[in-house]
Amino acid sequence: QVRLVESGGGLVQAGGSLRLSCAASGIIFSINGMGWYRQAPGKQRELVAGITNGSSTNYADSVKGRFTISRDNAKLTVYLQMNDLKPEDTAVYYCNAVLVTTLRREYNVWGQGTQVTVSS
């Protein structure tokens, strides 16, 4: 069984920073694309940032210049550094990854979500 566990959410004032982490566990051979999504109340889940296994990145326009996604392949972990947070960044943040097991099977896995709340 493979899974993703997120950490690092919380309550922060506008202009503040948070760093989210997402660690993969299980019989993992490799990890392909990884990403962070978010879902605010009453809204659809949206992509915030993604990173390939070659470390190419892409970001939603709303977070460009403020958020940075990175990964540590040795630790099977992806990070999201969030700076200059705004109230509209308030959402549940989900980690997503395509995990390849030692049996070479691919699984598109989601984390359980972590709440980020930005107060004005």
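1. A residue is called buried here when its relative accessible area is under 20%, exposed when the value is over 50%, and partly exposed in between. By that cut-off, 41% of the 120 residues of the protein count as buried. The model under review is a predicted one, and the points below should be read with that in mind.

2. On secondary structure, the protein has 0 helices and 11 strands, and the order of elements from the N terminus on is accordingly β-β-β-β-β-β-β-β-β-β-β. Among contacts between residues at least 6 apart in sequence, 56% join residues at least 24 apart.

3. On overall dimensions, the C-alpha trace of the protein spans about 50 × 25 × 25 Å along its principal axes. The radius of gyration is 14 Å, and this agrees with the value near 14 Å that a compact globule of 120 residues would have.

4. The structure holds 1 disulfide, which joins cysteine 22 to cysteine 95 with an S to S distance of 2.1 Å. The link of cysteine 22 and cysteine 95 is left-handed, with -80° about the S-S bond. Because cysteine 22 lies in strand β3 (residues 18–25) and cysteine 95 in strand β9 (residues 91–101), the pair ties together parts that are 73 residues apart in sequence. Cysteine 22 has 0% relative accessibility and so counts as buried, and cysteine 95, with a relative accessible area of 0%, is buried as well.

5. Two backbone positions deserve a second look, against the background that most residues other than glycine have a negative phi. Leucine 76 has a phi near 55°, a positive value in a residue other than glycine, and leucine 76 is placed in the loop between β7 (67–72) and β8 (77–82). With a relative accessible area of 24%, leucine 76 is partly exposed.

6. The other position is arginine 104, whose phi is positive at about 65° although the residue is not a glycine. Arginine 104 sits in the loop between β9 and β10 (106–110), and at 52% relative accessibility arginine 104 counts as exposed, because the cut-off for that class is over 50%.

7. Glutamate 106 lies in strand β10 and, at 54% relative accessibility, counts as exposed. Leaving aside residues up to four places away in sequence, glutamate 106 touches Asn32, Val98, Leu99 and Val100. The C-alpha atoms of glutamate 106 and phenylalanine 29 are separated by 9.8 Å, although these two residues are 77 residues apart along the chain.

8. To draw the points together, this predicted model presents a protein with 11 strands and 0 helices, with a disulfide between cysteine 22 and cysteine 95 whose two partners are buried, as the 0% values for cysteine 22 and for cysteine 95 show. The positive phi values are found at leucine 76 and at arginine 104, and both residues are in loops, leucine 76 between β7 and β8 and arginine 104 between β9 and β10.

Notes. Residues are numbered from 1 along each chain as its sequence is written. This is a predicted model: local features need pLDDT of at least 70, side-chain atom pairs count only at pLDDT 80 or more; totals for chains, interfaces and linings use all residues. Side-chain values use heavy atoms; hydrogens and water are left out. A disulfide is a pair of cysteine sulfur atoms within 2.5 Å. Helices (H or I, at least four residues) and strands (E, at least two) are DSSP runs, numbered from the N terminus. Buried means under 20% relative accessible area, exposed over 50%, partly exposed in between (1.4 Å probe, protein chains only). The radius of gyration is taken over C-alpha atoms; the globule rule is 2.2 Å times the number of residues to the power 0.38. Contact means heavy atoms within 4.5 Å.
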